Amino acid sequence: MSASREKKKRQTVTDADMTQAHAGQKGMSKTTKTALSIVAAILVVAIIVFFALVSTGFFVTNTVAATVGGHTLSPAMVNYFFYSAYQQVANTYGDYLGMFIDTTKPLDEQAYMSDEFDTWYDYLLDSALKGAHEVYAIYDEAVANDFALSQESLDAIDNEIAMLDAYGTMSGFTSGQAYLAANYGTGSTIESYREYLTLSMTASEYSQQMEDSFTYTADDISAYYEEHTDDFDGVNFRVYSINVPTSTDEEEEEVDTEAALAECETKAKEMAEASQGDEQAYLDYTVEYADEDSKETYEDDTATLREDYTISSCDELYRDWLADDARQAGDTTYIANGETGYYVLYYIGQYDRTISLPNVRHILVSASDTSDEKAMAEAKAEAQQILDDFLAGDATEEAFAALADEKSDDSAEGGLYENVLPGYMEEAFEDWSFDASRQAGDTGIVETSYGYHVMYFCGYGSTYRDYLVESTLRTNDYNAWEEGVVGEVSYTTNSFGMRFTSK
């Protein structure tokens with residue numbers, strides 16, 4: 001066969017093969033197109049469904065975002081606990097919250113204030129999930145012990161749910177559901193929010209029941225006090241620091257620490273010796289030794305005063321001196337504070353924590369504006385009328401309690417405050433309650449920044465010291481119980497579900 005024929009043959013075969021290949025491709029193309037069309041349609045539907053689920057909040061309610069103690073939490077439930085953790089921080093810092101958190105920026109873009117967490121979001125999420133672990137653990141314990149929420153708590157939950165629409169309207173939303181979504185994320189539902197409230201209130205009420213269940217005899221209280229007297233005995237004293245300056249005022253040169261410390265000791269010794277038994281002399285020295293920027297501060301005689309401190313809460317450098325049984329009012333001393341200077345102390349005396357704590361009832365008649373003389377006059381007249389009506393009737397404690405439930409602007413049941421602690425009430429309220437001449441059945445009217453209080457003296461409860469000891473015992477026992485119930489606090493998160501939580 002000639003070369004030309006061989007070439008032609010190869011060409012013919014090649015053309016045939018190509019024709020067959022093209023024919024095959026045309027067949028595959030039809031099948032592929034059909035398959036691809038189906039796949040594309042499925043993908044389009046899937047994408048539409050996915051974004052529909054996202055926009056309606058399906059994943060917020062139905063996806064697992066975290067697991068705590070064997071319980072799975074939806075993103076919505078995580079959001080509820082997250083908001084609670086945020087509120088705790090907000091309540092802690094109050095008006096100073098803005099110094100730590102910028103409310104206009106996402107929390108996951110704001111660095112936390114220590115190296116423990118990268119952002120505020122990380123810290124709050126950790127707090128939220130640890131809090132959730134504790135709530136679920138105590139809730140499980142309550143259920144295991146057939147605990148049921150009180151009717152009062154059930155009513156409170158129903159009221160909170162019923163008020164969602166009102167909250168939403170006041171906040172500019174169309175419904176309570178929209179209000180929930182705005183605060184906790186799209187997909188938060190009335191049902192999941194009720195579940196969260198039930199969990200939280202059950203854990204809280206059961207915890208309170210357990211804390212209240214611990215009881216102590218007088219011997220228990222006395223024995224614990226004897227073993228921990230420094231934790232309960234109160235002391236009043238003054239303390240003033242004479243410190244080594246860090247540099248000279250003029251040249252900013254390093255100070256000769258040894259010489260400066262010797263000068264501080266000389267001043268401290270002079271002050272302590274000259275003010276022995278003379279509190280006014282001590283106060284005069286605090287102003288004399290203060291630098292120009294601090295003189296005004298020490299002209300206020302409360303600047304150095306420490307009242308009702310427990311020995312154990314005082315600086316360990318002078319704790320033993322204060323606790324010495326030989327200590328007498330007017331005693332002074334000076335004590336080195338390392339290489340920074342000296343403390344000069346003036347002992348005033350022990351604080352009497354054996355005083356009896358009053359039990360009182362009150363009816364608050366609040367004024368719309370306590371700076372408004374007319375409003376205060378109206379509140380006072382109303383308070384006087386309430387007292388007159390009370391005295392004209394049975395004038396018993398039971399009658400006063402009923403009247404308090406009916407007329408008081410304070411929510412305390414029966415207007416009762418038991419074991420009123422020093423320093424916890426407004427001065428006028430406290431002065432009336434602690435008046436040494438007070439007798440059971442005494443009544444009166446007291447003015448405070450809230451308005452006017454119609455007062456009823458019930459008698460005395462515990463001594464201040466016994467109250468503090470019992471509170472400590474109760475706290476210790478509750479903490480031990482809680483630790484046993486909660487166990488090791490831990491949680492895990494699901495990366496997909498966490499995408500739908502609040503940031």
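**A helix pair and a sheet**

The crossing of α10 and α11 is right-handed, meaning that the near helix is turned clockwise from the far one by less than a right angle. This is a predicted model, in which local features need pLDDT of at least 70 and side-chain atom pairs count only at pLDDT 80 or more, while totals for chains, interfaces and linings use all residues. Residues are numbered from 1 along each chain as its sequence is written, and side-chain values use heavy atoms, without hydrogens and water.

Helices (H or I, at least four residues) and strands (E, at least two) are DSSP runs, numbered from the N terminus.

Helix α10 covers residues 257-274 and helix α11 residues 279-289; they pack at about 155°, with axes 9 Å apart. That makes α10 roughly antiparallel to α11, a label for angles over 145 degrees. Axes are lines fitted to C-alpha atoms, for helices over the stretch in contact, and angles run from 0 to 180 degrees between N-to-C directions.

Which residues of α10 meet α11? They are Lys267, Glu270, Met271 and Ala274, and they meet Ala281, Tyr282, Tyr285, Thr286 and Tyr289 in α11.

Now the sheet. Four strands form an open, antiparallel sheet in the order β4-β3-β6-β5; strands pair if DSSP finds at least two bridges between them. The edge strands, β4 (305-310) and β5 (332-336), each pair on one side only. β3 (residues 234-243) and β6 (residues 341-351) pair over ten bridges. Asparagine 236 has glycine 349 in β6 as its bridge partner. Helix α11 packs on this sheet, touching β3 and β6, where contact means heavy atoms within 4.5 Å.

Methods:
Angles under 35 degrees count as roughly parallel, over 145 as roughly antiparallel, 65 to 115 as roughly perpendicular and the rest as oblique.
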